[in-house]
Every structure is written in C-alpha cells, then in structure tokens.
Protein chains: 2
Amino acid sequence: MKRKNISTALAMLLAAGSLAYAQEQQQPQRPARQNPEVFTGVVINGDNSVTFRYKNPKAVKVEVSGEFMEGSAQLVEKDGIWTYTTAPLASEMYFYTLSVDGSPIVDMNYSMTKDIPRWMNYFIISGEKGDIYSVQDVPHGTVSSRWYESKMLQMRRRVNVYTPAGYENSKKKYPVFYLLHGNACDENSWLDLGRAAQILDNLIAQGKAEPMIVVMTNGNPAQQAAPAYFGDTYTNANTMPGIAAFPDTFSEVIAFVESNYRTISKKEGRAIAGFSMGGGHAFTISKEMPNTFDYVGLFSAAGSNISRDEEKAKLLTMKKNGYKLYYIGCGTDDFLYRNVLAYNKQLDDIGFKYYYRETSGGHTWGPWRIFLSEMVPMLFK
Amino acid sequence: MKRKNISTALAMLLAAGSLAYAQEQQQPQRPARQNPEVFTGVVINGDNSVTFRYKNPKAVKVEVSGEFMEGSAQLVEKDGIWTYTTAPLASEMYFYTLSVDGSPIVDMNYSMTKDIPRWMNYFIISGEKGDIYSVQDVPHGTVSSRWYESKMLQMRRRVNVYTPAGYENSKKKYPVFYLLHGNACDENSWLDLGRAAQILDNLIAQGKAEPMIVVMTNGNPAQQAAPAYFGDTYTNANTMPGIAAFPDTFSEVIAFVESNYRTISKKEGRAIAGFSMGGGHAFTISKEMPNTFDYVGLFSAAGSNISRDEEKAKLLTMKKNGYKLYYIGCGTDDFLYRNVLAYNKQLDDIGFKYYYRETSGGHTWGPWRIFLSEMVPMLFK
C-alpha cells in the first residue's frame, strides 16, 4: 500500500478518528436528500474538543452526557441547531447520549453500537489509544460468524472467530485466544465495544503481538446467539434453571475450534480472558481445566474467590502444572475493585504468581480495552 | 435438533418474528436497571397487528411512519406512554420511524439496522415471507468479513462471504452467487436489509435451494469498506474521478473468490445479481464478460440499456455463448419501472430470452428480498 489514493487517504482520515471532520470534507459530494439531518452528529475539532450538534427546532432542552464528562451539559440552540463543545478530550472511544426534553435518544445519522441492551452513539478521538481502536490501513484479519453444535446445551450456538491476516493463505498453525464477555453482553460485544478486531489488526501490524486466532463466544447458556441477531434487544440471563453453566460446556468450544482451525492445540498455544462475568468464567475454566491454558486474564472479574480449601487446591494444582501469565486488571472505580484486591491477597497467601494492572475508571469498556491491548502483546512469546 | 429446550423454543419464537411478544414473556427475567424504557418498542399482537409504544411524558406529538402505512399516524398518550396499533399486517420485514414533536428518532431499545445513510428500527411479521427472512433453528452458514487486495483500485477492500452450512467440513466444490448492492449501500446491505444469510439458510434447509457460496462486495470503488465499519455514516459516491468503475474491477473479485474458496470455477457455477446500481453492475459485468455467468439477475436495475449497436452486439454474443437464466424483476411503483420495461422490449427485439417478474412495491427492499428469495431456488439446478 505504498501509494495512497483519495479513498485510502479518506480511510486513513476516518481511521485516525476524525470521522465527522472527514464528513465535513465530504459535504459537497453528499446529496442532501440522503441526509437531511446533516447538521446533527459530532465534529471532532483540531484540539480534540468535540462539538455535538443536533437539529431540532421544536426541542425545549437538549443535553448531552457521556464517559468524557461528569453528569451532563446543555446544548445551546441557534436557528434550530443545538450545539455544545467539550474541553479537549484524551484519546479514547467514547459513548454519548443526547437527551431531548428529558428523553434519551440516539442520533440516527451518526455512528452507533449496541451496549446492554440499548443502542448508543460513539466516536473515537485519535492518538495513543484511539489509533489502536480504529481501523487503520494495515492488513486486516477475517472475522467470521460461525455456529457450533453444543451437545451439553442442546442447541446450535453462534461464535465469532478472528483469524489474523494471512491465515487463509498459509499452512501455519496458530495459537488461540478465547475472549469472554460480561453479564448481558454477547459474542458481538468484544468486536463492537471492545474493538478486538482493530486492536489485533493494529498490534500485529506493528509487530507488537503474535498473529493469533481470537475466539469470541456467547457466555449466556440460555442463548443460541446475540439477541440482536434475532432482531431482539433483550439479553436474557446468563444462567437458567436446568441448563449447564457456560464454563462447564467450554470443552465443547475448544474441541470445535481445534477441529476447525489450524491451531497449536496445547497449553502453550491457548489463552483465555474475560471481563466481569467473563472474568469469572476465565477464572473458573482455567482452574477446572488446570493444565489447559498458559495465559489467563481476569478483567474486573466477578466471582474470583478461593476462600474454600478445594478452590485453593485447584489453583495450587494449576501452579504445580505451571503457566506463563495470570493477568489481573481492574479499574480503581470499579464496584468490584475490593473483590479483586481480596482475590489478589488470596493468591499471595498461596504464593500463586500473577501480573496485576490497575487503571483509573470503573466497570466499563475503557479499562477492558486497555487490558486487552496490554495483554495481547504478552501472549505466545 | 430433535429435542427443544427453553432457549431453543425462545429462539424459535424470536425466529418466528414475535420478537416483542418474546420480550413480554421474558419481562420477569429482565432487571429493570437494564432497560428503563421497557415500555418502548413494538408488540406484535396475535392478529399480526402491531402496537408501537414510546415512553416520553414531555412530548407534545408522537407519530409513526413506515412501509406498512400511507403517510403517518399519531400515537396517543396515557401516563407518559404513547401508543398506536396498526391494522393486521402481511408477513414482511418492516422499517418504521417514530417522530417526536416533528423530529425523527430511532428507538434505542428496539431492533435496528442501517439504511442509506441512517439507522432505522425494524420488525418482522412471521408468515410466508417473514419466516424466510427470520433466523430459524436450522443449520446456519458462516458469514465472513474478509479483505481482498484490489490492484486496480489500489486498496484493501472488504467483502462479505456466506458459505453454506457444512462447507468447512466437506471437500466439495460449491457454485458462487455474486450479490451486488445499490447506490449508497455497501457490502453489509444484503445481509442487514436484504436478509441474505437467513434467506439462504432457510431455502437450503428446506431443500429448495442448492448449497452455494454468496459473495457480497462493496460496489463503491472509492470505498475500502462500508462507512459504518469506520464508524462513519457517510456513504460516498459510487464513482470518483480517476478511479476505475467497479464493474471494470470485477475480475479481481472473481479471482479472489476462486483462489480462496472451493468453487465450481466455470460458467455453470457462477451467478450474479444486484438491485438498482447493482442491477446495472450485473447488467454491465455479464455483458462485458459474456461467457462467465450462467445466471444473471437484474432487480430494479439502473442503466440497463442496449440502444447502441455495440451494446446489442455484446448481448448477442452472450446469447450465442448461452446462459441458463436472465432474471429481471421490478416493482410496479418503482421509479425505474418504465426503464425496465423499455429494456425488456430491447431484449425482445433481439430475441434475447429472459424471465420477468413483476411485483407491487417501489424501489425498496421489499421487492428485492422477494426477487432474491425467488431467484435463489432457480440457480445451479
């Protein structure tokens, strides 16, 4: 990709996070009929401050709230266009919500993703993090939505699989990173909100990460697939009476992946991590299969606890078997922060080595994207 | 999948289109904090009438519009919840837009998809069409988002590929159906709005269609991928100065597919179809490569015209080479209806055989989903 043409340049611009800026540049090309609400959306200014715009002449009060501010701010109306400009923002992916006369809305004309269980607008500020979370003009992996048969859950289940650039045209075997999601999320969450494909594409292209397969499962055993795949917005419980717990069925996932992909089918070629409920799943799966993963990641993990002797014994078995990385990450404002520290103490007491990473932030995607971006380069080296 | 468990039953319900009904059933399980606007969304009633609900105590006027009605209807407010119930609706996939005090909104709590260039809510009414457009509990194909290198356009380009259930675990070679999109759409449109994966899954499972690979390209040569993939909502022009027209680059797509998949790499194993601009692309590509496709589909095609002798000559060459199906479809309310009939007349004049399908409806996805559902069973027999 030596020479850049218009569209490559455009893609780079977009990839650099200047989405609305690029839109501005494109105005002359956009037939008005295609976008009457062209004055809505987000403009990322040169100083990384962000201007929110919303066209609604009849509104009485328009507010914006998001991860980038405390509480909310009021937009000011002029000629029916409401605007508000933030202070310069640090490089990140940010969700925001507009509220019109007290009712939250999403801007149908701007980029959107789905969180539990609602749709939200988002934008990315370029820079250290934003560039890793954005689509860059580098070789891209393939993202496949496949279905495996779960005998234990007696259903077809959807799984998203990232294979790194070059996978299809090589004979090489690749290590596998199993990436699990939290309560009320699904197999799409790490892709949509976690930016997993972009993070892997970019870190591999920079030579910071080994090419690897990433498997994103649905950790809700009562679901065949993400509710959105059925046109539903409801995310049902992650457990259901009479249905096996997801971690108990994980051997089926590994068997599916290792019989369908060219994998390094041994401990040194397997990693598993998750956030919240998925962190609890990674905790459970790794201790119940104590000789299966060389790399384990617990991000804001729920339910990691070895107060009972038989649980301690399982970790000690894992310690005896050996492992290369046990990554624990948590935000200092996370409601699980104390539980995480308590678990670290339990590990200290039995001399179980782990890598601990603390960051600002709560039980949100900000820290989880950071933990993923930092753990991936530590894998399979 | 003999035995059905709770979640399979749920999936079937959802698949049958009774999304909101299923949501109702699930209420007790849904933590309120996850969905404060639980009273928004759509309820599909037993008689297939649809009740729209929107919670907004401060709104003065709430209206709904959609493909299922002429103009719009006003919702009636009670205790801050606005509702409106339609007459019983025919089985279909329907988009709808709520308008609050004159400003269109999308319901962040209900199912959404992206059309040009905005996000819209949708629902599916079960029955003859709806069941084919919905996720059913049948074997599912794999949908992969891959990237190919276009030397002609000098960029990496995203392409969505559907491989039928069983592809991965067979040695068999499969025919390929190239599915092209219209102006301002992209490689995701046939999946998101055209329901291509569900239509193929269901028709193959019913034994009505041959298992086939479906390739969904991006027909805008100035784009590397769908704008939404970059977090943008802007869909740029399908042509750009100094960049080759997409049909001129199609040999690259075929070469990529046939070198990366187990394909029947001859005329009898290739089909191509598209709607609007994509219909024009299918028209152009099939006549410029007159011995390449045994099956061609023009849905509400833009630009199909052989008034010039050299164009006639190309169709006559195609006629001489032979082909099995030249499918032409159009809605009687389509603004291109007359052009389509004029093209049919041109074909009659040179004795070029075609299959013509007319349906009610305009230049919209309704007719295009019908044409896809009817053409797929005619392929590769």
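Author: Happy to! In this model, the side chains of Arg308(B) and Glu310(B) meet in a salt bridge, 2.8 Å from N to O. The term stands for a side-chain nitrogen of Lys or Arg within 4 Å of a carboxyl oxygen of Asp or Glu. The model is predicted, so local features need pLDDT of at least 70 and side-chain atom pairs count only at pLDDT 80 or more, while totals for chains, interfaces and linings use all residues. Residues are numbered from 1 along each chain as its sequence is written, chains are lettered from A and ligands numbered from 1 in the order in which they are written, and side-chain values use heavy atoms, with hydrogens and water left out.

Reader: Which residue forms a salt bridge with Arg146(B)?

Author: Arg146(B) is buried, at 5% relative accessible area, and lies in strand 11 (residues 142-150) of chain B. Its partner sits in the loop between strand 12 (155-163) and strand 13 (176-180) of chain A, so the pair joins two chains; strands are DSSP runs (E, at least two residues), and helices likewise (H or I, at least four), numbered from the N terminus. With the closest N and O atoms 3.5 Å apart, the partner is Glu168(A).

Reader: How many salt bridges are there over all chains?

Author: Some link up, as in the network that includes Lys287(A) and Glu288(A). Over all chains, the salt bridges number 33.

Definitions and conventions:
Buried < 20%, exposed > 50% of the residue type's maximum accessible area, 1.4 Å probe, protein only.
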